[in-house]
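Please open the structure in your viewer and keep the selection tool at hand. The stops below say what to select next and what is there.

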Amino acid sequence: MISLAGRDILHSWGKFVLTGLGLGLLIGVTLTMAGVYRGMVDDAKVLLDNSGADLWVVQQGTLGPYAEPSSLYDDVYRAIRGMPGVNRAANITYLTMQVQQGERDVRAMVVGVVPGGPGEPGQPGYLIAGRQITRGHYEAVADIATGFKLGERIQIRRNHYAVVGLTRRMVSSGGDPMVFIPLKDAQEAQFLKDNDAIAQQRRRTAANPAFNRPGTPGLLDAVLASQSVNPYINAVLVQVKPGFIPEEVAEPIRRWKRLQVYTRVQMEEILIGKLIATAAKQIGMFLVILAIVSAAIVAFIIYTLTLGKIREIAVLKLIGTRNRTIAGMIMQQALGLGLIGFVVGKIAATFWAPIFPKYVLLEPRDALLGFAGVILICALASVLAIRAALKVDPAEAIGG
Amino acid sequence: MKFPSINRRMLALLAVVVPLLALLIYVALRSGPLAPIPVTVTTAESRSIAPALFGIGTIEARFTYRIGPTVAGRIKRVEVQVGDKVQARQLLGEMDPVDLDDRIAAQDAALRRAEAVVLVAEAQVREALARKRYAENQASRYEQLLEARSVSEETVEGKRQEFQVTEASFAAAHANLEGARQELARIRADRGGLIQQRANLQLIAPVRGLVAARNADPGTTVVAGQSVVEVIDPASLWIHVRFDQLRVSGLRAGLPVQIVLRSQEGKRLAGRVLRVEPMADAVTEETLAKVVFDALPKRLPSVGELAEVTVMMSALPETPVAPNASVQRVAGRLGVWLIEDDKLRFAPVKVGATDLDGLVQILDGLKAGERIVVYSQRALSPRRRVKIVERLEGVSP
């Protein structure tokens, strides 16, 4: 039994392979777009994973700390640590800003963590080089995407930091790489004014007769000192004790400490449902259109490929080939094309995904779905082509 | 037969399809969930670590002398400028005495007058004494004459009375002299007080030192206790250091420290902990300590300059140690990833002290010689395959 499809493919194998390649690149783009979407969602999830927290305690009435600004006094954590079910509580600050390194600057999310030893909430979970922060000041652990190297000195606001460790996949929900620095420095970076502003404020206060009374020496100094304090943080990360359900730990804090508390599920809902919703929908919309367009192109290619062979099919019919054999040939060719297309697409997507500036997550589930989609579309398209082929008049083989 | 041609085409097709399939298999195994995670490993060793403590402080003068008037007044002159070196007892400035000098002049005049009064009183005493002696002699002479019956009783009685009168006037003159002397002493004391007050208007350096601030200029009115000039003792500079309370256990006086001044980065100065303050900062959660230089830098650092202080603690006994990058928290438990027969196993550990180079004491759960994961390309889980590499991708040597 000779495979008609095989013979036909072999007959014009160059055309077949090139068409498959073109199709493959198109499928590759579609898979990549799905990867961009997944990457976006994953960025949001990884942000939550990396914080190592079960609960996020933020300012009352805010969606902080990622989706909205939130500001708490930095001694709030002491009260939270005493609540039932709380295993560990740590202050944290987040600030997206430009970090200077020599001549260039990098957009990064500066995270202020309590340098309290390994495994404390907020610290990077794993490193790819160097070590975690051990000094209470002027050390930094950076995501490798920042391009910083071990031992380099970076500048955040007024202070210089030595890069002591490198990590990976520590990004903000917007995909900016993170730079971890000790909390006290981060508080300073976040709330401290620049030197000029401080000097001007001092001058203004000194010129105010209410604060600079001749009869009360020391008042001016006290007022100036009170102007330059920064006891604020953005959130308290809480790890709950084993055996406690996060929600039952969260409720007393909400009720008695009058602070907003989010659990992991709620935080995911805020990040994915609110913060990146529009951007994700935008990409999702584009993905849907791209998928439809790709399906249409695949269908048309197979259809025109069959129409191109219409004369040969007429000859086959003339010599009395059964309809089933002809349909089988077209179907097999279409599926073969789809297979090559998918393989090329998957390989292409895997190879170009790491070049993207933001994270592209190619999930095996997406690949399987894509494969099923491609095969389905190829089958459907071949049905159209089969119909056209079966309708052809055998006389065309001699007419033409 | 067309086998050769078919074979050729078949080969060409295979030449395209087979590498494609091979690539797909490679891609599927090297990325995604099936791919092994590149990790670097190290062998836990047993050694002693010397934890160090890192803190920041500001340079302060141990003694600051704020010199100002004890009563409100106007500044007449300030003799020194900031940066001047002054000696003990040196005059730094003076307050305006207003009418104090005039009052001293008046007291001078009163003093001279009182001295004259004393002289007069003394003369009066001498006069009364002379009168008293003459009357005494007369009285005793007439007593003898009365015994010889040469004079009458009445005459003698007159002489006796004269003597008693001169005696009384002598006592009066004496008392007058005493009064004049007391008056003189009072005026002297008054004048002394005024001179003291006058001297108190002078602003005097209590010790040898350096003028650190000049807070008011001549003509300014200042209240009692407000400082006009601040003098510090430059030899007494120390550093007020703040340490995070998380790691201060073991901090005590006498430990050697390394000091890096913000103005002289890269230059390490030696010093030691002078004392750990009994009062910690409750607001910032920091323990406070004072650190002194072993030898003051030749160019004195400015007061208020930022300094980084690293305290060297004494070495701890030998225990297994691991890099802090290898200690991770998985499902709420602290531990390390062990490599056993190329398989991953999470071993919960108890950690002890950490040194500044990132080595952590493992008190329980790890033995020296066991192989542990230090760095990994991704978060690890027990069922993931790992590939041991020298260095992770993207990390320069």
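Helices (H or I, at least four residues) and strands (E, at least two) are DSSP runs, numbered from the N terminus. This is a predicted model, in which local features need pLDDT of at least 70 and side-chain atom pairs count only at pLDDT 80 or more, while totals for chains, interfaces and linings use all residues. Residues are numbered from 1 along each chain as its sequence is written, and chains are lettered from A and ligands numbered from 1 in the order in which they are written.

Select R157(A), which sits in the loop that links β7 (153–156) with β8 (159–167) of chain A. The phi of R157(A) is near 55 degrees, a positive value in a residue other than glycine. A residue is buried if 20 or more other C-beta atoms, placed from the backbone, lie within 10 Å of its own, exposed if 12 or fewer, and partly exposed in between; because R157(A) has 17 other C-beta atoms within 10 Å, it is partly exposed.

Is R169(A) buried or exposed? R169(A) counts as buried, because it has 23 C-beta neighbours inside 10 Å. Phi of R169(A) is also a positive value, near 55 degrees.

Along the principal axes, the C-alpha atoms of chain B fill a box of roughly 200 × 45 × 35 Å, and 24% of its 397 residues count as buried.
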